[in-house]
Amino acid sequence: MLAPPVNTAPLIEITGLTKLYHGAQRPALDELTLAIRRGTFFGLLGPNGAGKSTLISTLCGLLAPTGGSVRVFGADVQTDAALVKSAIGLVPQDLALYPTLTARENLSFFGRMQGLGGVRLKERVAACLAVARLEDLADRRVDTYSGGLKRRLNLVIGLIHEPQLLILDEPTVGIDPQSRNFIHEALRTLHQAGMTILYTTHYMEEAENLCDDIAIIDHGKILARGAVPELLRAHRAGTIVAHLDTDLPDAVAQQLRALPQVRTGRIEARFIEVESDTPDATLAAITEILRGARLPLVSLSLGAMNLEQVFLALTGTRLRD
Amino acid sequence: MIALRQLIAAVAKESRLILRDWHALAVLFVMPVAFVTIMSLALRDVFTERAGVTFSVLIVDQDGKLVGEKLRESFAKDKHFHVELASAPLPDAAQVEAQLTAGRYKFALLIPAKATEQARRRALEQVRSDGRASGHTPSIGMRLLSDPTLRADHRSMLVAFTNGALRAIESRLIAERIVELARTPFGSSAVSAPALAAPELFREVSDEHETGGTRTMPNPTSVQQNAPGWTLLAMFFLAIPLSVTLIKERAQGSLLRLQSMPVPTWVLFCGKIAPYLVINQLQLVLILAVGVWGLPLLGGDRLSLGNAPEAIALLSVSASLAAIGFALLIATFARTPEQATTFSATTVMVLAALGGIMVPKMVMPPAMQQLAELTPFSWGLEGFLDIFIRGGGVREILPEAARLAGFGIACFTLAILRFNGRLRHH
């Protein structure tokens, strides 16, 4: 992926943002502070109920915060709502379309609501249909579309007014890999053209592939922030994972458990996962023990292998509502 | 300028959505037409029955003595009347007519001042055969004013009842005078036999119904009772599709998307109001057309529209505003289409029943009638009856139109407050 042109000026500045819903025991956003640079492809990750939707709603001026401030393009979202809204494109998780209207009618309507008209509106409708590759289906009612086609239209409606900031809330839920790939490519193109994108998803692979900056949020707080390599380095750096081809003899398992550097661990028949404060030394010791016992390795890794491991390490494996 | 463009876009979008849902649209027109046709034909003769009917009557007793007292007693004893006595300062005939036009009473009896004194004197003159005072005192005229919405048969019944009560008083006064004369020397020979047969102390009462000026005033028919009522019901039934579209937009996320755009809430709401306002007017035109041309073909009465089309238009728009405001309010409180549908249907039916749409207010007990006055259905119905039956114009229906529009605006304001509050704080 080509590196997009990045302007270092923060486009979104969130300071001490708190949102406590009426009757709730704890805040959905808890004094959250975050700055996002212009031109960033920003991934916002978190389990259900972490506060992602609340943050997006507040950013779009749909929700009044209990405390703190949100500035987008230097303007306060609460006091300059109209200005901020006209520069933001929101792609909701739901298919925010009118099923009995055609794609062209949907785009024209939302374009007019964004203040477009005349030739400019026609141009933008045509451009959006082209981005979504819906030119041939433009005059068909949306309720005759497949899920993937609807998702593509849902995406380009958010682009109708050429926003500077595009906010996408899980835009690839429930679609086939081809449609997902199409949306990814479209977003990459937009990003390379300089658009700032805020993207939420539960698919960690998507975030790893698309985003150049990621925040993991839970209980209304940011738990981790950075580019994917930074996150992988910063979390689970002391984790060693090994997969074996044969069952581990009890004597060898005892040896591994007795290693002085191991903090916590899970040693099973063909699987080893240990945490160590001195991972390099521990890795050498494990390799030595396994080689001595002539046990063939299938894989051996140090540190987190992917974003999902970091995510689960930070947010836990407990099921969420 | 941008807001206007947005409003036009919202109206166009809403119109497209409505026009593409033919089934829902058909129901909005077929349902009221079917109701008006069936109810007007089915109830054509029901209104002629007197059983269970209670009439509110205003008695303006300028006499304050025996004649007034006995008339009041006669009406009060009959279970079909709910008597209210005008208090001082007593209203004049014009004020009473205004109250009848406003629909506060079904009829009013005006008893002239010194009626008892005059009746006694005339009775004495009538019973004396020596002619000493005969012929000097004229017979007494009572005025019976009635609400023009009262059916002709009910009106005849009231006239007959009043004349009957007067005859009873007459008999008593004549009897008293005879007794008086009999106590005087040669008294019995002084009694006039013809006077006993036809004393004529009181002139025969005839009905004067308030026509609201010089306009023509046809008698009410079942279609005139039913058409406005069912039109109002149809208008308020619009609450169901309107509230459901708003809730669906919320569920689909399109409302959220619109809220994320620089679009004022009033534009979103007015975008919905305009097409439904047009539908309401088309409903009214269709129902009136059925009343005027369709029902006579089926053997029903012809709907008489009065003489003030501009008043019909004003009242119709006001009623529509009330119905749409009510629908928007429901839409902002209901969470699901099912909730909105159930709540709208139930509330509309209860309000319609209470407001005299299904059961005429005149057959309701007085307490229910007072309660009915609080419903927009009653305001609308009275307004249409003002035009169709009482011959009223814009001036006469202004209070009802203002109430309906006020109700609509109040609902609309509450809906916007609720909508913005719910979105921003929950």
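Predicted model: local features only at pLDDT ≥ 70, side-chain atom pairs only at ≥ 80, totals over all residues.
The model as a whole scores ipTM 0.83 and pTM 0.72. For chain B the mean pLDDT is 81, with 85% of the residues of that chain reaching 70 or more. Among the elements of chain B, the lowest mean pLDDT, 50, belongs to helix H7 (residues 193-197), whereas the highest, 93, belongs to helix H12 (residues 309-333). The pLDDT is below 50 over residues 211-219 of chain B, a stretch that has 16 contacts in the model beyond near neighbours in sequence.

Chain A contains 11 helices and 14 strands, and its C-alpha atoms fill a box of roughly 80 × 45 × 40 Å along the principal axes. The chain is divided into domain 1, which comprises 8-99 + 158-233, and domain 2, which comprises 237-303; the centres of these two domains of chain A, taken over C-alpha atoms, are separated by 40 Å. Of the 321 residues in chain A, 40% are buried. When contacts in chain A between residues at least 6 apart in sequence are considered, 70% join residues that are at least 24 apart.

Helix H3 of chain A (residues 103-113) is mostly covered, with 10 of its 11 residues buried. These buried residues include Glu105(A), Phe109(A), Arg112(A) and Met113(A). The elements that cover the buried residues of H3(A) include helix H4 (118-131) and helix H5 (147-157) of chain A, together with H1 and H10 of chain B.

H3(A) passes H1(B) in a left-handed crossing. On the side of H3(A) the contact is made by Glu105(A), Phe109(A), Arg112(A) and Met113(A), and on the side of H1(B) by Arg5(B), Gln6(B), Ala9(B), Lys13(B) and Arg16(B).

Across the whole of the interface, 24 residues of chain B are in contact with 26 residues of chain A. Two or more residues on the side of chain B that touches chain A are given by each of helix H1 (2-19), helix H10 (254-259) and helix H16 (394-425) of chain B. H1(B) gives the most to this side, with seven residues.

Within chain B, helix H11 (residues 265-297) packs against H12(B) at an angle of about 135°, with the axes of the two helices 9 Å apart. H11(B) and H12(B) are therefore oblique to each other, and H11(B) passes H12(B) in a right-handed crossing. In this pairing Phe269(B), Ile273(B), Tyr276(B), Leu277(B), Asn280(B), Gln281(B) and Leu284(B) of H11(B) meet Ser316(B), Ser320(B), Ala323(B), Ile324(B) and Leu328(B) of H12(B).

Ala239(B) and Ala345(B) are 106 residues apart in sequence, and their C-alpha atoms are 8.2 Å apart in space.

Positive phi values also occur in chain A at residues other than glycine. Phe73(A), which is not a glycine, has a positive phi of about 55° and lies in the loop between strand S4 (67-72) and strand S5 (75-76) of chain A. Phe73(A) counts as partly exposed because it has 19 C-beta neighbours inside 10 Å. For Arg294(A), phi is likewise positive, near 55°, and the residue is placed in the loop between helix H10 (279-292) and strand S14 (297-302) of chain A. With 7 C-beta neighbours inside 10 Å, Arg294(A) counts as exposed.

Definitions and conventions: Residues numbered from 1 in each chain as written. Chains lettered and ligands numbered in written order. pLDDT = per-residue confidence, 0-100. Helix = DSSP H or I, 4+ residues; strand = E, 2+ residues; numbered from the N terminus. Contact = placed C-beta atoms within 7 Å. Domains from an automatic or database assignment. Buried ≥ 20, exposed ≤ 12 C-beta atoms within 10 Å, placed from the backbone. Axes fitted to C-alpha atoms, helices over the stretch in contact; angles between N-to-C directions. Parallel < 35°, antiparallel > 145°, perpendicular 65-115°, else oblique. Left-handed = near helix turned anticlockwise from the far one by under 90°.
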